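Dear colleague,

Please find below the structure I promised to pass on, followed by some notes on what turned up when I went through it.

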Amino acid sequence: MSVKIIGYLSFGYPTIEKSIERADIYTKAGCDFLEVDFPTDNAYLDSDFIGGRMKAAMEACDDFDKYFDGIKTLKEKHPHTPIILLAYEHTIKAIGVEKFITRCKELETYDLIMVGLENEDIKNQLINQGIKISCWVPFDLPEENVASAVASNGFVYLQSKSSGEVKEGYETLDKCVEYLRQKGIKNPIYCGVGVSTREDILRIQKAGADAAFIGSALLKQETNQDIMTYIQSLKG
C-alpha cells in the first residue's frame with residue numbers, strides 16, 4: 001500500500017481564502033490529508049520560514065472564528081480528506097480551551113498536533129473531551145518519548161531522519177518503526193521533518209509507516225502548476 005501524503009497549509013497566509021484555494025490544488029494533485037495550522041505571532045518552535053507565515057497570517061486576521069469557519073469550508077469542499085490541526089498551546093488558550101473543544105467537535109475534526117506545552121493540564125483536558133493529541137518521537141527513540149507515544153490517544157509523529165543521534169540497533173527508519181510497533185503502538189505512525197523527495201516517500205513507505213508530512217518543501221511551491229507537479233512527483 002502506498003504511503004499517504006499529508007500536505008501542510010499555512011492557514012491564513014496570505015489570506016484564509018487563498019489558503020482554501022491552495023488546499024483545492026493539494027487535494028486535486030493527490031494529497032491524502034491536510035495539515036492546517038492556526039496562526040500565532042510567537043511560533044518559537046518553528047523555522048523562520050513557517051513562523052514568519054504564521055505571524056503574517058495573524059497580522060492579516062486575528063479572528064479565530066474566521067479560521068474555524070475556513071476549516072468548515074475545507075471540510076465541506078473536501079469531505080473525504082482528513083484534516084490534522086496544528087496549534088500552539090498559547091493559541092488554544094487565546095481561543096479558549098472550551099471553545100476550541102466545542103469548535104473541533106462541531107467540525108468533527110479531532111486530530112491535533114499541539115506544541116509549546118507548559119504542562120500537561122490543557123493537553124489532558126483536550127484528551128478527556130475526545131481530542132486526539134499526537135506524540136512527537138525523535139529518530140533516536142528516547143524512552144520518555146516512546147513511553148508517551150505508547151500512552152497517547154493520537155498518532156505518532158516520528159522524525160523521518162536522524163539529526164545526529166541514533167539508538168544502537170535502530171539506525172534506519174524501518175528499524176525505528178519496528179521498534180515502536182514492538183513497544184505496543186497501534187496508532188498510526190506518520191513521518192515528517194526533512195521529507196521533500198520521492199526517495200523520502202519510498203523510504204517511509206518501505207519502513208511501514210502510514211503517512212508522510214510534507215511541509216516547507218511544499219509551501220515553497222508558488223504557482224498552482226508548481227504545486228501540482230511537485231505533489232504528483234512525490235506520489236510517483
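The open sheet has nine strands in the order E5-E4-E3-E2-E1-E9-E8-E7-E6, with parallel pairing, where two strands count as paired if DSSP finds at least two bridges between them, and where helices (H or I, at least four residues) and strands (E, at least two) are DSSP runs numbered from the N terminus. E5 and strand E6 (135–137) stand at the edges with a single partner strand each, so one side of each is left without a neighbour in the sheet.

Please bear in mind that this is a predicted model, in which local features need pLDDT of at least 70 and side-chain atom pairs count only at pLDDT 80 or more, while totals for chains, interfaces and linings use all residues. Residues are numbered from 1 along each chain as its sequence is written, and side-chain values use heavy atoms, with hydrogens and water left out.

Within the sheet, strand E2 (residues 33–37) and strand E3 (residues 83–88) run parallel and are joined by four bridges, and Glu35 has Ile84 in E3 as its bridge partner. Helix H3 lies across strand E1 (4–9), E2 and E3, and runs at about 165 degrees to E3 (axes are lines fitted to C-alpha atoms, for helices over the stretch in contact, that is, with heavy atoms within 4.5 Å; angles run from 0 to 180 degrees between N-to-C directions).

Turning to the charged side chains, a search of the whole structure finds 15 salt bridges, each being a side-chain nitrogen of Lys or Arg within 4 Å of a carboxyl oxygen of Asp or Glu. In one of them, Asp65 pairs with Lys99, with the closest N and O atoms 3.0 Å apart. Asp65 lies in helix H3 (residues 64–77) and Lys99 in helix H5 (residues 97–107), so this pair ties together parts that are 34 residues apart in sequence. Asp65 is partly exposed at 29% relative accessibility, as is Lys99 at 36%, where buried means under 20% relative accessible area, exposed over 50%, and partly exposed in between (1.4 Å probe, protein chains only). Both residues belong to a network of salt bridges that also links Asp69, Arg103 and Glu106.

A further salt bridge joins Lys167 and Glu143 (3.4 Å, N to O). Lys167 is in the loop between strand E7 (156–159) and helix H8 (173–182), and Glu143 is in helix H7 (residues 143–151), so parts 24 residues apart in sequence are tied together.
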